[in-house]
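Visitor: I would like to go through this model one question at a time. Please give the terms as they come up.

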Amino acid sequence: YPPERIRNFSIIAHIDHGKSTLADRLLELTGVITKSGKNKQVLDKLKVERERGITVKAQSASMFFEHDGDKYLLNLIDTPGHVDFSYEVSRSLAACQGTILLVDAAQGIQAQTVANFYLAFGEGLDVIPILNKVDLPTAEPERAAQQIESTFEIDSSNILRISAKSGLGVDQVLPAIIEKTAPPQGSADKPFKALLFDTWYDTYVGVVCLMAIKDGSIKRGDRIVSSHSGTKYEVTEVGIMHPEQTPTTQLQVGQVGYIVCNMKSIAEAHVGDTFYREKCPVEALPGFVPAKSMVFAGVFPIDAGEFDSLNESIQKLTLNDSSVSVHKETSAALGQGWRLGFLGTLHMDVFRQRLEEEYDANVLITSPTVPYQIKYTDGVTKFIRTPADFPDAATMQDFVESTMEPYVSATLIFPEKYLGNMLELCTTHRGEIQNHTFIDETRVMLKCQLPMAEIVTDFFDKLKSKSQGFASFDYEESGYQSSDLVKMEVLLNSEPVDALAAVMHKNSVVTVGRDIAKRLKEVIRRQLFDIIIQTAANGKIVARETVKQLRKNVTAKCYGGDITRKMKLLNRQKEGKKRMKRIGKVELPQEAFLSIMTKS
Ligand code: GDP
Ligand code: MG
């Protein structure tokens, strides 16, 4: 296939607008998978992805298609829809020349539609808008088309209208890609040059690199070099994703395919790296900015004896997800563990779920925090990823010049009647409203600056409840701003518990301090002695609660003679025990760690 017979494209959309379903239909149409009615999101390979209906890792597939008497090779790259993974979206876009902007005709443009459009537009891709779900009785394709025209200045007269579910109109999608998107540039005569844009670990063949071939060709036995590290590799297998790894004799200019070479670990495969043939160096392509961890949480084994097996599980999981950063951490309260960095809270949840389900691990996770920056008076700047490391009141006064926290530019889209609620939501989360505009007669797009810390807690849940589920939200990082931050400490029977410490804005100290003490009181079970809970900031106690001791005779009475009830209670207690951690004499449940920073 010469480049003019190749198209590399992706599908971008707001979550649930139908990307994975459309990908299935296109794969069926081209015979890559058989039509069985059972193809549910074939490209969403991981179990959590299927369960949660989200695409976490970008997956690709090649298809063959005949159009106007010519045979084409089409490479589809499925992209994640969730904001946490916008890093994965941009790296897959760099391997494409065109993209389908899929919009649910019943919901219209949502926040991620806007964010994804600008990502693609910024990469210079040809964008083909398509309206999906026109089979729904609530579909309003005319209105969605108008929104597309007014928001993105794309002519709305020729927008395809399809139902990925029923297959209606799907046959027009591939011809549109061929006609409206550019073929890959590049030359077969130039020396081999390829962009590494995704990588994973395969149990049979080891590290697999997905590459876009920009010039020349590559086959088994060739020797290639990484521009990033200078390391040389021998290619042992090349092929295409069809939809599984399918070996081919070579990969040529314009193609997207996988390469297996003797890489030992995924750490050697740098996404964004340029590879060239040994002795034929080429100018490296502009690389990617590496994924930045924006949410950090401590992970500790419930039972210290499980440290080694947990260590192994975390290593295995990060083999396939290089966007998780891992550092050892020791907590006075929780012992040895790790501080893991994630792209966002969903990313963190997915990681935890995989750790527990795929590796049967029993872990305790501390509440998520963002990376803070401290500027000291001697000119040194430090990143703080663990609240316990945040300077105390005395240090703050003597050695700290300023404290800063990360901000995001947020986009919210919702029906006009929620405007009041949405403005209030942003303001109560320390947001700074920038503007709001109408994308049609009744829908509003609101832009504001928000501290990242506010959205890692409950912002998303609040957004959904205060808009009855009708508001959508997306954001991008917008750098650090100085902010009056303080550390809040939690003391149990006068002992500070480092793993419960939190960082917050000084104006939140009183309300949050009281709230944390109350919440802890609710989740800490009564024990054989009084437990005094205190929160403190700036060296002052903010709140105090007491969990009264349990009187023995009361338990005896309530467990009474009813044996089934007793068994039930005992079982429930056993369940609860799994996530209990003893700190000094006090037993703390997992909820105690998460109750910090989730505002009521
Ligand atoms: P993604 O998050 O963009 O990958 O969306 P999915 O492909 O997972 O689809 C989300 C939901 O919308 C699923 O329940 C699909 O069955 C449903 N869906 C997708 N396309 C259509 C369509 O054309 N019509 C209808 N009625 N439902 C659809
Ligand atoms: Mg999907």
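Guide: A residue is near a molecule or strand if one of its heavy atoms lies within 4 Å of it. This is a predicted model, in which local features need pLDDT of at least 70, side-chain atom pairs count only at pLDDT 80 or more, and totals for chains, interfaces and linings use all residues. Residues are numbered from 1 along each chain as its sequence is written, chains are lettered from A and ligands numbered from 1 in the order in which they are written, and side-chain values use heavy atoms, with hydrogens and water left out.

Visitor: How many residues surround ligand 1?

Guide: The closest ones are Asp-16, Lys-19, Ser-20, Thr-21 and Asp-135. For classes, Ala, Val, Leu, Ile, Met, Phe, Trp, Tyr, Cys and Pro count as nonpolar, Asp, Glu, Lys and Arg as charged, and the others, Gly among them, as polar. By that scheme the shell has three nonpolar, eight polar and five charged residues. The number surrounding ligand 1 is 16.

Visitor: What share of ligand 1 does the protein bury?

Guide: Polar contacts are pairs of N or O atoms within 3.5 Å; within protein, one must be able to donate a hydrogen and the other to accept it, and residues adjacent in sequence count only if both atoms are side-chain atoms. Oxygen atoms of ligand 1 lie 2.5 Å from an N or O atom in the side chain of Thr-21, 3.0 Å from one in the side chain of Lys-133, and 3.0 Å from a polar backbone atom of Gly-18. Taken alone, ligand 1 exposes 580 Å² (Shrake-Rupley method, 1.4 Å probe; for residues, only the protein chains shown count as cover). The protein buries 83% of that.

Visitor: Which helix gives the largest share of the shell around ligand 1?

Guide: Helices (H or I, at least four residues) and strands (E, at least two) are DSSP runs, numbered from the N terminus. The chain has 16 helices and 32 strands. Three residues of the shell, the largest share, come from residues 19–29, which form helix α1.

Visitor: Is Leu-73 buried or exposed?

Guide: Leu-73 lies in strand β3. Leaving out residues up to four places away in sequence, Leu-73 touches Tyr-1, Arg-5, Ile-6, Arg-7, Ser-62, Met-63, Phe-64 and Gln-255 (contact means heavy atoms within 4.5 Å). With a relative accessible area of 1%, Leu-73 is buried.

Visitor: Which backbone oxygens lie by the side chain of Thr-318?

Guide: Thr-318 lies in helix α7 (residues 307–319) and counts as buried at 15% relative accessibility. A polar atom of the Thr-318 side chain is 3.1 Å from the backbone oxygen of Gln-315. The other backbone oxygen, at 2.8 Å, belongs to Ile-314.

Visitor: What is omega of the cis peptide bond that joins His-242 and Pro-243?

Guide: Most residues other than glycine have a negative phi, and most peptide bonds are trans. Pro-243 is found in the loop between β11 (232–241) and β12 (245–247). The bond joining His-242 and Pro-243 is cis, with omega about -10°.

Visitor: What is the phi of Gln-468?

Guide: Gln-468 lies in the loop between α12 (459–466) and β25 (472–482). Gln-468 is exposed, with a relative accessible area of 57%. Its phi is positive, in a residue other than glycine, and is near 50°.

Definitions and conventions
Buried < 20%, exposed > 50% of the residue type's maximum accessible area, 1.4 Å probe, protein only.
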